[in-house]
Amino acid sequence: MVDYAYLIPLLPFAAAILIFFFGRWLPIKGAALGILACLASFGISFDLLMQMMDGTLKLPHEIHYPWFDVGLFQFEWGVLLDGPSLVLIVAVSGISALIQIYSVGYMHDAPRFKRFFSYLSLFTAAMLALVLSNNYLQFFIGWEIMGACSYFLISFEFERDAAGAAGNKAFLTTRLGDLGFYAGLLTIFFVIGTFNFTQIQGHLHDGNVSAHMSLIIALLLFCGTIGKSAQVPLHIWLPDAMEGPTPVSALIHAATMVAAGVFLVARSYGFFLQAPLALEVVAWVGGITAIFAATIAVAADDIKKVLAYSTISQLGYMIMGLGVGGYSAGLFHLTTHAAFKALLFLGAGSIIHAVHTNDIWKMGSLSKQMPATFWTFLSGTLALVAFWGTSGYFSKEMILGAAYSSHHILLYGIGCAGAFLTSFYMMRAFSLVFLGDPRARFGACLSNST
């Protein structure tokens, strides 16, 4: 199955092309093809993960092919399989498949239905190509395709001025961070002469890159993370991204675009390890983002905005974890967060679809009318607030433990404060939505939605 790893991003990419041009003649206007492509990618990814766990697949495993030559330099495209990439492709393909299945019902009356599923498949393919890439050039191509897809999906309902403005804001804000990322890539090629991750790691190990140059490269690459993963001060685009359909929010905020920024730091960790000052910058940007976004979520009234600011805060946790030396902790929280945050956004979509409002103050007592959504939303909430025994508990504790053991006591305190605020704003939102007395009449809406 290793020889077919290239099919993991290729299948959703092919599905995106076929849906866009021939969707009207395909089952469910092409949605079935997009779902099957993601499920096939998930199957291959899961098989590779199982091979890694039973020792059949030795890691890291790299497959590369020549692409084009420029003078003495040969550029390539390929696949790099290691622990982080295997875990993440399983999460991305699996969650994307579930979101697309959900979207069939959620978007059934939407105009441009087939185009929506084409964009979802292309978005997924770009993220999978990014995660599996064995070089920065291929990584950057996947990165930029995701930026374009985010614009298409956030502004999908462009008839509304707010949706069009949100798409423009997301595109332009993330481009600011990408300028730094691009400058970092040029610097890497100028200094090392290759984009290949394995070769770069070898140069770093042999001491061929000075600490000063590593610092410059690390900070430039981190600019891309600040934009893509919505860290302070380029966090401003992510709450407005809620103007897109709810399945888009689930995909962007959970398994794809925002996760790419965290993965960039993980892929470039060798540069950061050689520049302790860069790690300090990463840790403090993450810590400030985590507490800052949590304080805003406390006062948010829109259920999707609560989850959006929560996403920014949790991304801050991941970045802080990487900055304090918790490499595994940051990536573990990235994976667990992808699952429970996607669940929460899909639950929010179910609620909004039923009651036709985003205002949590106009909800209440929905546990009786929507028991399935109540229990699924509760499970996601418990994971997000790090309730004992949930995945969020273990991943968040690993980050706080890494901060404490690395003697970042102030950041540890910020992390604990952020954890408290997370519990407060999520239980506030959960109580206002599902418990208490109804504060508006949704009987007709609920009966129509079922």
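**Close-up views of a predicted model**

**View 1. Threonine 124 in helix H4.** Threonine 124 is buried, at a relative accessible area of 0%. The model shown here and in the other views is predicted. Threonine 124 belongs to helix H4, which spans residues 113–132. Its side chain reaches back to the backbone oxygen of leucine 120, at 2.9 Å. Apart from neighbours within four places in sequence, the contacts of threonine 124 are Cys38, Val92, Ser96, Gln100 and Leu251.

**View 2. Serine 103 in helix H3.** Helix H3 covers residues 83–106 and contains serine 103. Serine 103 has a relative accessibility of 0% and therefore counts as buried, the limit being under 20%. With residues up to four places away in sequence left out, serine 103 touches His108, Phe113, Phe116, Phe117, Leu120 and Pro247.

**View 3. Packing of helix H5 against helix H6.** Helix H5 (residues 136–154) and helix H6 (residues 161–192) have axes that come within 8 Å and cross at roughly 170°. The two helices are therefore roughly antiparallel to each other, as angles over 145 degrees are classed that way. On the H5 side the contact is made by Tyr136, Phe139, Phe140, Trp143, Glu144, Gly147, Ala148, Tyr151 and Ile154. On the H6 side the contributing residues include Ala163, Phe171, Arg175, Asp178, Phe181, Tyr182 and Ile188. Sorted by class, the contact of H5 with H6 has 15 nonpolar, three polar and three charged residues.

**View 4. The largest nonpolar core and isoleucine 351.** The largest nonpolar core has 137 residues, of which Tyr136, Trp237, Phe271 and Ile351 touch the most other members. Helix H15 (residues 327–355) supplies the largest share of this core, 13 residues. Leaving out residues up to four places away in sequence, isoleucine 351 touches Ile303, His356, Met363, Leu366, Met370, Thr373, Phe377, Val433 and Phe434.

**View 5. Serine 405 in helix H18.** Serine 405 is part of helix H18, which runs over residues 391–405. The relative accessible area of serine 405 is 53%, so this residue is exposed, the class for values over 50%. Between serine 405 and tyrosine 136 there are 32 Å in space, C-alpha to C-alpha, and the two are 269 residues apart in sequence.

Technical notes
Residues numbered from 1 in each chain as written. Predicted model: local features only at pLDDT ≥ 70, side-chain atom pairs only at ≥ 80, totals over all residues. Heavy atoms only, no water. Axes fitted to C-alpha atoms, helices over the stretch in contact; angles between N-to-C directions. Helix = DSSP H or I, 4+ residues; strand = E, 2+ residues; numbered from the N terminus. Parallel < 35°, antiparallel > 145°, perpendicular 65-115°, else oblique. Contact = heavy atoms within 4.5 Å. Nonpolar A, V, L, I, M, F, W, Y, C, P; charged D, E, K, R; others polar. Buried < 20%, exposed > 50% of the residue type's maximum accessible area, 1.4 Å probe, protein only. Polar contact = N/O pair within 3.5 Å; in protein donor to acceptor, adjacent residues only side chain to side chain. Core = buried A, V, L, I, M, F, W, Y, C linked by side-chain atoms within 4.5 Å.
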